[in-house]
Amino acid sequence: MKHLMMTMKASVAALALSVGGANAADVEVLHWWTSGGEAAALNVLKQDLEGQGIGWQDMPVAGGGGEQAMTVLRARVTAGDAPTAVQALGFDILDWGAEGALANLNDLAAQEGWDDVVPEALQAFAKYDGKWISAPVNVHSTNWVWANKAVLDANGIAVPTTWEEFTAAVEALAAAGVTPIAHGGQAWQDATVFDAVAMSAGGPDFYKAAFIDLDEDALGSDTMKEAFDRMAFIRSHVDENFSGRDWNLATAMVINGEAGFQMMGDWAKGEFLNAGKVPGEDFLCFRFPGTTEQVTFNADQFMMFDQGGSVSSEQAALASAILSPSFQIAFNKVKGSVPARTDVAGDELDACGQQGMADLAAAASSGNLFGSMAHGHAAPASVKNAIYDVVTAHFNGEFDSETAVAELVDAVSIAK
Amino acid sequence: MAVASSDTAIRTGRIARTFIYLVLLLFALFYMLPLYVMLINSVKPLSEITGGGMMNLPDIWTLEPWRKAWSEAQIGVQPTGLKPYFWNSIQMVVPAVAISTILGALNGYVLTKWRFKGDTILFGLMLFACFIPFQIVLIPMARVLGVLGLAGSTWGLVLVHLVYGIGFTTLYFRNYYAVFPTELVRAAQIDGAGFFQIFWRILLPSSGPIAVVSVIWQFTNIWNDFLFGASFAAGDGAPMTVALNNLVQSSTGVKEYNVHFAGAILAATPTLLVYIVAGRYFVRGLMAGSVKG
Amino acid sequence: MGFLDIRNATKSYGQVEVLHQVDISVDEGEFLVLVGPSGCGKSTLLNMIAGLEDITTGEIAIKGRMMNGVHPSKRNIAMVFQSYALYPNMTVGQNITFGLEMHGVAKPERDKAMADVAKLLQIEQLLDRKPGQLSGGQRQRVAMGRALVRNPDVFLFDEPLSNLDAKLRVDMRTEIKKLHQNLGTTIVYVTHDQIEAMTLSTRIAVMNGGYVQQLGTPKEIYDTPANLFVATFMGSPSMNLIPVKLRVDGNAVYADTKNDQDEKVSLPVFEPSATVKSCDGQSVMLGIRPEALTDPEGADQRSTHVERIRNTVTVTEPAGSDTFVATTIGGAECVARMRSDADVAPGRVSEFAFNMEKAVLFDPKSEARIA
Amino acid sequence: MAVTDPAVGASAPDFRTRLQHWIPKIVLSPSLAMIFVFVYGFIAFTVYLSFTDSRMLPSFGWVGWENYSKLWRLSHWEISLINMAIFAGLYIVVCTAIGLMLAIFLDQKIRGEGVLRPLYLYPMALSFIVTGTAWKWFLDPGIGLENVMHTWGWTSFSFDWIKNRDFAIYTVVLAAVWQTSGFVMAMFLAGLRGIDNEILKAAQMDGASNWNLYRRIIIPQLRPAFLSAFVILAHLAIKTFDLVIALTGGGPGRATELPATFMYSYTFTRNQMGIGAASAVIMLMTIAAIMIPYLYAELREKK
């Protein structure tokens, strides 16, 4: 009993200072990178820190693209026991920033010149109110198409660069008896495709107006209806069993030559490499037709929770290690994404990776880099999920395109 | 089971019996199916799975996925397998099951043998508590655990499972003790036994069957819980289900289904064992009270 | 002041009073039986004596020591339950000594007490068995052993024989009576069986509806029941009740009614009291037990007041030692207890002898006996 | 005389008696305290949250009924309620029917009962984190049952419910029934074994056929088992969450959303805690509407 009372007192004191639960010289890291390659890559970071005498308390919570981890994070923060660093995406970072729960990394950022090397569109999610609050690890771009080269060659199809070429290619594959598009019918996968389709249908300005500014006119426009019509086209060229399928099983269809294309983020590359395929020879990677200039992205970052008003030395070391060029390359080589800083050399990456880096740099400088709606980098979670609802309902035939547009306007207005 | 029904009065004809056996076997197949899928795929190389034919027997049999799931698979940044988390779960489950069963037994004892005004209402309130969806308690629970200084500790988890299990254990024991002769308690009182002596010497020795029901129920629920385990355990103190989830779920990584299934069966082994070992007492326990009301 | 005193004890559950103002004083060595139909409050009263139920108002004292609020184990009582309440997980020996163990009696003493009791009840060979392995009669003995070993001031029995078959019940009844005579203990015994009450007790409290209807020796209860309830509840077959009209004629009082041939019948009341005499012209109930309504040859030879009535026999029930004969007098169904060789047959008119010395009168409105 | 205590003679209850009087309440109190804080306290907190503008974390700006009006405007919520009605209704009825049937069949002195019983019971022991995947595969027309039937030559066989918006909810029922019907079977089996055989013999003397014997004599006597099964099943139906997440993720589209998944998603992944809390309150009220009459009837009867 006495012991309990003491623990209580201690914890109340800890709450008052809002100090995390990990030991003084430890960092506790909440993340959802538990699959083989990702975890191994993260282990690089762990060893780096341990080399500096900083212990690493691992707190992995996988599931649902970080949804589980975010739930757990809320429980931890509510309990007054926030982890030191937390993997997070897009608006979640800004929301935590708005809660005032995150540490200000500006000193470190200035010292290491983050402002100059991290693309502006990405900075929008790493800074809140002018303060750096998280350390970006990578940039995933989501508007990739993955194709089986043998299948394309067999049907005499070149890499399509416009929507028209794409529809022709798809129909050619369908005529040849191959499933044209491999797709997994989960809300986030539907939305990933929708991102790219909307971008190709209406161009970057439309994309920004609709998904970032949430402009009602754009959301309710004929262009949006066109986007939904294109989704319907895609829906009619996926196989019957698409519903509920995991994305990597869809990727396996492309790998096995059962399907021609898959629209998926750059993490799909890992599946190809894992199956022993070589980029450019066995499989092709290219931007979704009609979005060749643009890059929609999502970026993994590590938010640093406030440790009593200042950045602890462990956090600084962790953040510094995350943004170090060597880690950026080592990690992204495994992850399939590209480094969050544009100043590192990409020689070690494969062909697709190098193209990704080049695209990113180009898009960043030409103002064509946009946060992905599907991955929570365009609008807050409530809006994102509201859009998911409509896109998925439409994709599964619940709405026709016209209804979908009306529902979209309505859903976004409720969620805003 | 050779109780009570050794003298069933019902006789069935030959055709009816054949039909009954057929139905029973069909259902046995139905219940076995998912386990079959899991077992079969846990002994195949990954290439056979992604190559299709998930219902087929393996071409190459391998125990590699099992070894990997147990001791090598990546759970967090380190390739520890499920092994270390097994012990975490045990540390959490054993006290939580033991305490909730004992408290449930004591509550059932009080509510049936030491009745007082308003006890029925209190019991109703405890029973209704069983129905609370766990998702809604997550945030306030986190706060309370934080204030108690139990956040991120095994004892915090034990407390959580205790709170949400006690309604059920109380229900089981109450129904069981309701048909336990009150005269025995009165006789013991006259003999000079006190509250705890009566419980310990008279009721508890006769509570075997219902204790089995309570333990099975609690063990299964607590062992399989994910939400609380993920939210209230610190990283390396996480229970088995959280580790399993980390093994199985990965949004953007390669999915090794054979390892996942091996891990799933490993994680389920203790509960399966409990059902197989204690299963025969289970029906007896249910019979002894909980369904008689 | 008696050995066990119950003074104005009442019991209420919330607003409902289930036991009203019970006043009983029991002397040392007495065998008090509480008898009545189920729900009459007899078990509640017993539980109050045991301390298993609170006393709402009033007092209960044993050996002059106030028992209100005293824990059952501190009252130095022992109780035998209807279901025997043997602890199923303990052996017979452990069952018997459990109470001693709880009272901190040392093991050697316990064993000796157990051996004595086991010898007394002839259950030595059962000591290592579990209650589940015993027959009904054996369990009954063990339950009594458990009570005896405590050597209490008062024994409480709660319908201890009702779970036994008929033959065993009679045997155990005799055995309990012997134990009482040999040990001279004070016993309070609850039963709904009036024969048990009559055979065992030194005094009976007949209870109904939460009231003690009559408290007295078995003879008093049987011969001079205080009211209609006691009259009908005690005795088997129960007392005949014939509606009559009282007629005072000088010093004599007659009970007038009609036989089943519609002839007027006048039965002279034996030694009428002043109260009876004051009831001229009133309709009352004449109570007469079957054994006081016989064939003329079977009538009590010592009785000087035997009246004869001719009436039609409706049913005869030969019971071996006696023959019970049903007839209708004054519109009421009556049973006469005749000798087994009495010359009666259904449908025939026979003579019925009334032993008026045993007859009693009741006021039908208040149901009380007119003394 | 074994024990007497001449010292005590006062009319006030002695210490031990008073202690004995309080011990039961003292023993009960920790459980009650826990229930009151962790269940009823939290329910009160949730009710309060449902009237606030909480989004990511609880906040305490009062917004009145706004969350409720938003909630009832969401077609998503409507779908999840309809699904709940379909799911709970079917799940409870089918589980009860299968459980009862298996129990009756198993009660016919079946050889191998000892093997069959654990086979029926074991699904309850598994968590859905992974059996969900097994089910998903099995139900998937491309790789599961339909595919197997096709390879066996029955090419017209079609079983694609999990991919079909109108039928997907039934696959959720199927998997849920798989998990709990064995447990219900055990409850009924226990009930059957507790029935007095003499009654059955008497009924047979009266010339009742087996069918009538069960319909008229045995099943009516299983009332307590029915009630217990109902409570357990109703409680599991309301809490069904993992199953949907693992099996369909709420899809295809939103076809298998249930209130529990709705609440979780609004509270935790959509940062609309106020609406999530409002949906939780509606859920609790529904549970209360079903359970309180039941509890009232059950507990009053036993008194």
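# Briefing: domains, chain contacts and a mixed sheet

Chain A is split into domain 1 (2-139 + 299-350) and domain 2 (144-296 + 369-415). The model is predicted. Chain B also has two assigned domains, domain 1 (2-63) and domain 2 (83-288). Among the 5 pairs of chains in contact, chains B and D share the most contacts.

**Domains of chain A**

- The C-alpha centres of domain 1 of chain A and domain 2 of chain A are 31 Å apart.
- Domain 1 of chain A puts 13 residues into the contact, and domain 2 of chain A puts in 14 residues.
- On the side of domain 1 of chain A that touches domain 2 of chain A, α4 (90-98) and α7 (120-126) of chain A each supply at least two residues.
- The most comes from α4(A), which gives 3 residues to that side of domain 1 of chain A.
- By class, this side of domain 1 of chain A holds 5 nonpolar, 5 polar and 3 charged residues.

**Domains of chain B**

- Taken over C-alpha atoms, the centres of domain 1 of chain B and domain 2 of chain B are separated by 30 Å.
- In the contact, 9 residues of domain 1 of chain B meet 8 residues of domain 2 of chain B.
- Two or more residues of the domain 1 side come from each of α1 (14-42) and α2 (46-50) of chain B.
- Here α1(B) gives the most, with 4 residues.
- The side of domain 1 of chain B that touches domain 2 of chain B comprises 6 nonpolar, 2 polar and 1 charged residues.

**Contacts between chains**

- The contact between chains D and B draws 83 residues from chain D and 79 residues from chain B.
- Helix α1 (residues 15-49) of chain D provides the largest share of the chain D side, 16 residues.
- That side of chain D, touching chain B, divides into 55 nonpolar, 18 polar and 10 charged residues.
- Chain A and chain C are joined by no contact. Their closest C-alpha atoms lie 32 Å apart.

**A mixed sheet in chain A**

- An open sheet of 4 strands in chain A has the order β14-β7-β12-β15, with mixed pairing.
- At the edges stand β14 (338-339) and β15 (369-371) of chain A. Each has a single partner strand, so one side of each has no neighbour in the sheet.
- Strand β12 (residues 295-298) of chain A and β15(A) run parallel and are joined by 3 bridges.
- Thr296(A) has Phe370(A) in β15(A) as its bridge partner.
- Helix α10 (residues 187-212) of chain A lies across β12 and β15 of chain A. The helix runs at about 75° to β15(A).

**Ala168(A)**

- Ala168(A) sits in helix α9 (residues 163-175) of chain A.
- Ala168(A) is partly exposed, because 13 other C-beta atoms lie within 10 Å, while an exposed residue has 12 or fewer and a buried one 20 or more.
- Ile157(A) is 11 residues away from Ala168(A) along the chain. The C-alpha atoms of the two residues are 9.1 Å apart.

Definitions and conventions. Residues numbered from 1 in each chain as written. Chains lettered and ligands numbered in written order. Predicted model: local features only at pLDDT ≥ 70, side-chain atom pairs only at ≥ 80, totals over all residues. Domains from an automatic or database assignment. Contact = placed C-beta atoms within 7 Å. Nonpolar A, V, L, I, M, F, W, Y, C, P; charged D, E, K, R; others polar. Pairing = 2+ DSSP bridges. Axes fitted to C-alpha atoms, helices over the stretch in contact; angles between N-to-C directions.
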